[in-house]
Amino acid sequence: IRDLFSKQPLSKMRGYQPKHFSFNVDGGRCDACKGEGQQVVEMQFLADVHLICDVCGGKRFKKEVLEVTYHEKNIYDVLEMSVDEAIEFFNKGKDSGKKSDTNGADVSKKIQPLSDVGLGYIKLGQSSDTLSGGEAQRVKLASFLGKGSGQGSVLVIFYEQTTGVHFIVLKK
């Protein structure tokens, strides 16, 4: 997705690289909140207060970076999409014949395994530390499925896949 945004005409004019579309790296992220989207006010004897960043408005990126769009969506808008919404969004222009739309179809193909393992509801920009243990396992499984898609068939062996399943169900 970052690569796709870096190939947009405005990005090329401004010299933006894929790193500019990451809130984990200096360059495109908001300098005030360091890409967190919020600022923490430490209260000495009370719980810390988390406030939406007044510079970026919680969008995590610099204003200039948010001006770059792909099909009228900026990087923040795309990262707020669920996996299923993003697949539909990136597929919508693939029949237009434009090179940029072909890149969108490539993005769609790369995130499809997340939907295939039942994670179509999570947001693309969702932090990995907010995922449950099962969701994290499915993300890892999706990454293996995505890597193996160009190599023919993939065999995945689940060890102790029946842990937690009631004995009566196993007898059937």
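Is Arg29 buried, partly exposed or exposed? At 14% relative accessibility, Arg29 counts as buried. Buried means under 20% relative accessible area, exposed means over 50%, and partly exposed lies in between, with a 1.4 Å probe and protein chains only.

This is a predicted model: local features need pLDDT of at least 70, side-chain atom pairs count only at pLDDT 80 or more, and totals for chains, interfaces and linings use all residues. Residues are numbered from 1 along each chain as its sequence is written, and side-chain values use heavy atoms, with hydrogens and water left out.

**Salt bridges**

The whole structure contains 5 salt bridges. The criterion is a side-chain nitrogen of Lys or Arg within 4 Å of a carboxyl oxygen of Asp or Glu. Three of them are tabulated here, including the one made by Arg29.

| Pair | Closest N and O atoms |
|---|---|
| Arg14 and Glu67 | 2.6 Å |
| Asp26 and Arg29 | 2.9 Å |
| Lys123 and Glu80 | 2.9 Å |

Arg14 lies in helix 2 and Glu67 in the loop between helix 3 and helix 4, so this pair ties together parts that are 53 residues apart in sequence. Helices (H or I, at least four residues) and strands (E, at least two) are DSSP runs, numbered from the N terminus. Arg14 is partly exposed at 35% relative accessibility, and Glu67 is partly exposed at 37%.

Asp26, the partner of Arg29, is partly exposed at 48%.

The salt bridge of Lys123 with Glu80 also links distant parts of the chain. Lys123 is in the loop between helix 6 and helix 7, Glu80 is in the loop between helix 4 and helix 5, and they are 43 residues apart. Lys123 is partly exposed at 38%, as is Glu80 at 35%.

**Aromatic rings**

There are 6 aromatic pairs in the structure. Rings of Phe, Tyr and Trp (its six-membered ring) pair if their centres lie within 6.5 Å; planes under 30 degrees apart count as stacked, over 60 as edge-to-face and the rest as tilted. Tyr16 and Phe21 have ring centres 6.0 Å apart and planes at 80 degrees, so the pair is edge-to-face. Both residues, Tyr16 and Phe21, are buried. The rings of Phe23 and Phe61 are edge-to-face too, with centres 5.8 Å apart and planes at 65 degrees. Phe23 sits in the loop between helix 2 (9-14) and strand 1 (38-41), and Phe61 in the loop between strand 2 and helix 3 (63-66), 38 residues apart. Phe23 is buried at 15% relative accessible area, and Phe61 is buried at 2%.

Phe5, Tyr16 and Phe21 make one aromatic cluster.

Phe23 has a charged neighbour: the charged end of Arg60 sits over its ring, 3.6 Å from the centre. That call needs NZ of Lys or CZ of Arg within 6 Å of the ring centre and within 35 degrees of the ring normal.

**Nonpolar core**

The largest nonpolar core has 28 residues, and Phe5, Phe21, Phe61, Ile75 and Phe90 touch the most other members. A core is a set of buried Ala, Val, Leu, Ile, Met, Phe, Trp, Tyr and Cys residues joined through side-chain atoms within 4.5 Å. Helix 1 (2-6), helix 3, helix 4 (75-79), helix 5 (83-91), helix 6 (99-116) and helix 7 (133-148) each supply at least two residues of this core. Helix 5 gives the most, with 5 residues.
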